Amino acid sequence: MAKQPQDLNEMLHMKRKKLEELRESGKDPFINESYPVKNYSQEIKDNFEEYEEKEVAIAGRVMSKRRHGKIAFLDLRDSKGTIQIFLRKDFMGEDYDVIKDIDIGDIIGVTGLVFKTDAGEITVRSSQVILLSKSLQILPEKWHGLKDIDLRYRQRYVDLIVNPEIKEIFIKRTKIIKAIREYLDNRGYLEVETPILGTVAGGANARPFLTHHNTLDIDMQLRIANELFLKRLIVGGFDKVYEIGKMFRNEGMDARHNPEFTNIELYEAYVDYQEMMRITEGIFEYVAQKVLGTTKINYQGTEIELKAPWRRITMEEAIKEYAGVDFEKIESDEKAREIAKAKGLEVQESWTRGKVISEMFEEFCESNLVQPTFVIGHPVEVSPLAKRNPDDPRITQRFEAFINTWELANAFSELNDPIDQRERFEQQVREKELGDDEAHPMDYDFINAIEVGLPPTGGLGIGVDRMIMLLTNQPTIRDIIFFPTMKPIGLEKAENGGLSKETYETYDKLTTEEIDLSKVKVEPLFEDMVDFETFSKSDFRVVKVKNCEEVPKSKKLLKFTLDDGSEKERVILSGIKEYYSAESLIGKTLLAICNLPPRKMMGIDSEGMIISAICEYDGEEKLNLIMLDDNIPAGSKLY
């Protein structure tokens, strides 16, 4: 047998030793290729009268083991639920000895008769138990389960085992996507597939992931949207097309953003953005009713009604309502920038009136759009692929749909004037040359396609992952993605990053960076003394990070939503973005001062200060958040 790592704990050694003994005795569990599963746990429980004293054959994972001399009980979990297995020596004979080989986490197959114990529990009295697979790892302890948020996402397979209730979230995810397809298929749309790899990542304003094709010796990009290919199909004569698939954007990560995400885009010839509004309302209403049985949902304590029709409001109307600025009275770029500065925005001199409208809407209006709302009248500067409004060429025939303050959908009356499209692409190229990494690239083949002739077309994109978050009441996008993007740590980082393999840990715990203490420089201790009464006025509290996200348009700030032990969530902004990614801090236990007066930062009230430790290391500032033991309750006071 191959040499085992030296730092495995005793229980892991015991599991490997037992496997070695099984193999030596000719009972290698890994030689099994199949098992004749005929029944499932929940099916047996739901139909006990039908199955009582009937033989069943089930298989699954052992979740608990209780042995009392010549009898034993196992809890077996299959894909549908959990059922108790009863083993008795005088019933099984020599086959009862299999109990010695079985540990928690193992996969077994069971044949036996269904009965109900004196305590009323539906159970399978086994006549045969076969060990199908040996678990060489240790499942998290039964009663505490897997609570480390970071670890749950990294090892979703373990999360699904010890927290089986989350399976329902992913089952609903599949039902939601199926219902979207059903709605569109019933309306005559054709589902298609378009390239993920391309030489131009267009259709949105975002940074792409870059790669290289060795055979062709060309640089390529992962798609950020599938819009331009779908429009090519409309040019080619398909009147109704859609695609549900993965998009990839090399941008920030937070509770609503994962670099790889699921999106749907659909295009229909001879309709406008008004029809896309009706389709958007229809999709949400249909899917909610089909999957949940209601159009009224509760998202994290907020009641939301998805039934059509939704509210309509122009971007300028929203700014007037929520920011008190009437852009009907503002005509010049200069005046618009002046107003934005007065409202506290960090304004660039290149901003036009339209750009200011877009920025002010994001800053002052989005946070108020809780119930489903269509926002229309977007400036042409931020809508390079939408038709102009014939009555006001400064704005476009476009909408964004907002629910719970989030943008859920984006749609246009698609621009089909190739001359106008070329001019807008050229403007985007100029902005890219001025440093805008997210500006849209030039796509000459797409220009050629619409020069061939694109009919009047309505187009719509919906963020499927955000939609699923809403309909499953999950707080972060990582809770509805099986395997969200995570930064490599521990052994995985060592193997893939060429680092030394110093540790082997059962569950990839965070490793500690080694530092050269000779390069550390700390500030001198304060000479002025502070009396105890003054110090005691600062309210230091343990806080739990419920959510952490990047503050838009800020290069430094992260926004923390915290549990401070009270019933009210606390929001604190901290300028640590260059040291930590937002997603890596969700679920952590930190220390904060909670009785500082609120301070406006990027238009957001920051209600305290998160405590960090700083020093100088090798001539540069080094910052470490003070992270505490997760067992310390939120609200605990520093003493």
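Student: How many bridges join β25 to strand β28?
Tutor: Two bridges join them, and the strands run antiparallel. Strand β28 covers residues 609-610. Keep in mind as we go that this is a predicted model.

Student: Okay. Which residue of β28 is the bridge partner of Ile593?
Tutor: That's Met609.

Student: And what about strand β22, in which sense do β22 and β25 pair?
Tutor: They pair in the antiparallel sense, over five bridges. Strand β22 spans residues 540-550.

Student: Why is β25 said to be largely enclosed by the rest of the structure?
Tutor: Because five of its five residues, 589-593, are buried. Buried here means under 20% relative accessible area.

Student: Which way do the residues of β25 point?
Tutor: Thr589, Leu591 and Ile593 point one way, while Leu590 and Ala592 point the other way. Both sets are buried.

Student: Changing topic: which residue does UniProt list for "binding site"?
Tutor: The UniProt record lists Glu407, and the entry is unreviewed. You'll find Glu407 in strand β19, which runs over residues 406-413.

Student: What is Glu407 in contact with, leaving aside its neighbours within four places in sequence?
Tutor: Glu400, Ala401, Phe402 and Arg466. Arg466 is one of the buried residues in helix α15.

Student: How many residues of α15 are buried?
Tutor: Nine of its nine, so this helix, residues 464-472, is mostly covered. Among them are Val464, Met467 and Leu471.

Student: What comes just after α15?
Tutor: Asn473, which takes a positive phi of about 60°.

Student: Now the outside. Which residues form a nonpolar patch on the surface?
Tutor: Tyr157, Phe482 and Phe483 do, and together they have about 360 Å² of accessible area.

Student: Where does Phe483 lie?
Tutor: Phe483 is in the loop between α15 and α16, the latter being residues 490-497.

Student: Why does Phe483 count as exposed?
Tutor: Because its relative accessibility is 57%, and exposed means over 50%.

Key:
Residues numbered from 1 in each chain as written. Predicted model: local features only at pLDDT ≥ 70, side-chain atom pairs only at ≥ 80, totals over all residues. Heavy atoms only, no water. UniProt positions renumbered as here; feature names shortened; annotations may be inferred. Helix = DSSP H or I, 4+ residues; strand = E, 2+ residues; numbered from the N terminus. Contact = heavy atoms within 4.5 Å. Buried < 20%, exposed > 50% of the residue type's maximum accessible area, 1.4 Å probe, protein only. Patch = residues over 30% accessible without salt bridge, like charges linked within 9 Å, V, L, I, M, F, W, Y side chains within 5 Å. Areas by Shrake-Rupley, 256 points an atom, 1.4 Å probe, with all protein chains shown as cover. Salt bridge = Lys/Arg side-chain N within 4 Å of Asp/Glu carboxyl O. Pairing = 2+ DSSP bridges.
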